[in-house]
Amino acid sequence: MTTASDYSEKIPNNVDLREDRRLQRALESWQPNFLQWWESMGPALPTQDVYLRTAINVGREGWAHFDHVVMKDYRWGIFLAERDPGRQIGFGGHKGEPAWQKVPGEYRADLQRLIVIQGDTEPASVEQQRNLGATAPSLYDLRNLFQVNVEEGRHLWAMVYLLHAYFGREGREEAEELLHRNSGSLESPRILGAFNEETPDWLSFYMFTYFTDRDGKYQLGTLKESAFDPLSRTCEFMLKEEAHHMMVGTTGVDRVVERTAQVMVENNTDDVAALGVIPLPVIQKYLNFHYSVSLDLFGGDTSTNVANYYTAGLKGRWLEGRRKDDHKLTDDSIMVDALDDAGDGHPSISQLEVSALVGLNTDLRREYISDCQGGVNRWNKILAGAGLPQRLKLPHVAFNRRVGAFAGIEASPDGELLTADEWDRGKGQWLPTDVDKTHVRSLMQPVHERGKIAAWIAPPRNGINGKPFDYDYVHLA
Ligand SMILES: [Fe+2]
Ligand SMILES: [Fe+2]
């Protein structure tokens, strides 16, 4: 059964907000600050309206309601997946006990921290993407950018709801802080590194939505398993929206690769920079960058905190229910990446056996890596289909890392350990240089005409919600 939600309310929701006046007032007093943040840090391109999907309910019909919407009137609602009254905790020391509807006192600080870290990423990406509208390659892409932006805004609402509803005054203070930290700010940056990087061009945007949003998918997947039922239900619903963000990244890179391949074949050359498209080696460098900074988001290769979160039931594994083990992991082990310094000053990349609980970050990162490989295979099929011998690939896990076992060393994309000099000499071949970035940016001329598309990218195979590519997805102001 679906809980009805009244979309005419100030804050659309399916959490019976009108029954809880105190919570409603707290959220209503946060809302103007959110709107002010959206005005100053959200999409900068002025529009009349945008063809957007709005969640107005969680049921099959309601969660994807499409219409042309005035952006500043967008309704960021609070929606949790349906409650399963019989839900039991699926892992850790409390396995088999009923899921929690309230926050147990002993886990309060840890749960709040997990929610704040997740919440901080949501507005960060909106800030990073603020200026992209000005250079959109088509109205279709512009609409997708705004769709991702409003949904990340809604995900912020989702985390703020939990903070307000379950964490008292401290939760309200954290909700304020989520609007005060800003991506790339020197005084108060966002919590995680990748969310302080710029997203200055559309190739970066597609790579970000492919690699960094995909990290978000995996983090939400672990929180969806949480014993704290409201967090679990919130994340379950957010994951539905994430699927669209993944699609934007996957097909975005598809279309860049497709167009580059086309121009390479037509002109029988690899040297396509002057022909108005992005050369494959530059696409590879962007991939290397976004993949490596996203790997860092999974944290250290071993973590006792994460082991404790698991045992406490706060955060599970990706697809916990499908794992064929005891879901407690107290007797299991896992091999994690490590640097083996034989004491002779010449470290080598190796593996180390640790307890499965301590290695949970590695478990999650590996799930993510095999998912990422799927995109690369797909892009390589496009190259193969065009009759080209070149291939893209994921760099070695030790490449360009700032977190974990490889933070202190430099390695090539093939996983060869390098001296500082070798790294300095080589990095321009592996990561985007200023010349590469300037070239990519020079291609970013806006195409805001209906049915038209920039020359550096192929049109999409399908439009949105059954509409054609040349639909009027956005009316500019
Ligand atoms: Fe999100
Ligand atoms: Fe997302």
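**Salt bridges and pockets**

Author: R190 and E127 are both buried, where buried means under 20% relative accessible area, exposed over 50% and partly exposed in between, with a 1.4 Å probe and protein chains only. This is a predicted model, in which local features need pLDDT of at least 70 and side-chain atom pairs count only at pLDDT 80 or more, while totals for chains, interfaces and linings use all residues. Residues are numbered from 1 along each chain as its sequence is written, chains are lettered from A and ligands numbered from 1 in the order in which they are written, and side-chain values use heavy atoms, with hydrogens and water left out.

Reader: What does R190 form with E127?
Author: They form a salt bridge, with the closest N and O atoms 2.8 Å apart. The term means a side-chain nitrogen of Lys or Arg within 4 Å of a carboxyl oxygen of Asp or Glu.

Reader: Which residues are linked with R190 in a network?
Author: D120, E127, R181 and R190 are linked in a network of salt bridges.

Reader: How many salt bridges does the structure hold?
Author: There are 25. In another of them, the side chains of R401 and D296 meet at 2.6 Å, N to O. That pair links distant parts of the chain, 105 residues apart: R401 is in the loop between α9 and β5 (410–411), and D296 is in helix α7. Helices (H or I, at least four residues) and strands (E, at least two) are DSSP runs, numbered from the N terminus.

Reader: Is R401 buried or exposed?
Author: R401 counts as buried because its relative accessibility is 1%. D296 counts as buried too, at 12%.

Reader: Changing topic, what volume has the largest pocket?
Author: About 580 Å³. On a 1 Å grid over the protein atoms alone, a pocket is an open set of points where a 1.4 Å probe fits, with protein on both sides within 12 Å along at least five of seven lines; lining residues have an atom within 4 Å of a point.

Reader: Which residues are closest to its centre?
Author: Of the 28 lining residues, these are I117, L192, Q219, L297 and G299.

Reader: And which helix gives the most to that lining?
Author: Helix α2 does, with 5 residues.

Reader: What about the second largest pocket?
Author: Its volume is about 410 Å³. It is lined by 18 residues, and N14, V15, D16, Y161 and R233 lie nearest its centre. The largest share of this lining, 3 residues, comes from α3.

Note on methods. Grid points are joined across faces, edges and corners, and a volume is the space filled by probe spheres set on the points.
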